[in-house]
Amino acid sequence: MEEIAVLVVILLIGAMWSSIERKLDRTQRTAARLERKVDLILDHLGLQETQPDLARVRALLREGKKIHAVKEYREITGAGLREAKEAVDRMD
């Protein structure tokens, strides 16, 4: 009986995971579509996306303050922790 309960739980988790993956995939497609639309609008208006000034981040890296650099990058760009860390790692 206990084995059946474990099997049911595993099946439920699998079904939930599948549903989450579908929703995430749909969200990613929607985000990509919106990014393309924003790019078209910017092109139509003759505008360019400005790159953030990361001089302070570079200065913190030169001082050996990598954690502070990641925090500063996040504040400047609004990036998540992982994205900010990867960006700062590429700058280092």
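**View 1. Contact of helix 3 with helix 4.** Lys66, Ala69, Val70, Tyr73 and Arg74 of helix 3 meet Leu81, Ala84, Lys85, Ala87, Val88 and Asp89 of helix 4, contact being heavy atoms within 4.5 Å. By class this contact has 7 nonpolar, no polar and 4 charged residues; Ala, Val, Leu, Ile, Met, Phe, Trp, Tyr, Cys and Pro count as nonpolar, Asp, Glu, Lys and Arg as charged, and the others as polar. The model is predicted, with local features needing pLDDT of at least 70 and side-chain atom pairs pLDDT 80 or more, while totals for chains, interfaces and linings use all residues. Residues are numbered from 1 along each chain, and side-chain values use heavy atoms, without hydrogens and water.

**View 2. Crossing of helix 3 (residues 66-77) and helix 4 (residues 81-91).** Their axes, lines fitted to C-alpha atoms over the stretch in contact, with angles from 0 to 180 degrees between N-to-C directions, come within 9 Å and cross at roughly 120°. Helices are DSSP runs (H or I, at least four residues) numbered from the N terminus.

**View 3. Salt bridge of Asp92 with Lys66.** The closest N and O atoms are 3.7 Å apart; a salt bridge is a side-chain nitrogen of Lys or Arg within 4 Å of a carboxyl oxygen of Asp or Glu. Asp92 lies in the segment after helix 4 and Lys66 in helix 3, 26 residues apart. Asp92 is exposed at 59% relative accessible area and Lys66 partly exposed at 34% (buried under 20%, exposed over 50%, partly exposed in between; 1.4 Å probe, protein chains only).

**View 4. Salt bridge of Arg29 with Asp25.** The closest N and O atoms are 2.4 Å apart. Arg29 and Asp25 are 4 residues apart in helix 1 (residues 2-45).

Notes. Helices (H or I, at least four residues) and strands (E, at least two) are DSSP runs, numbered from the N terminus.
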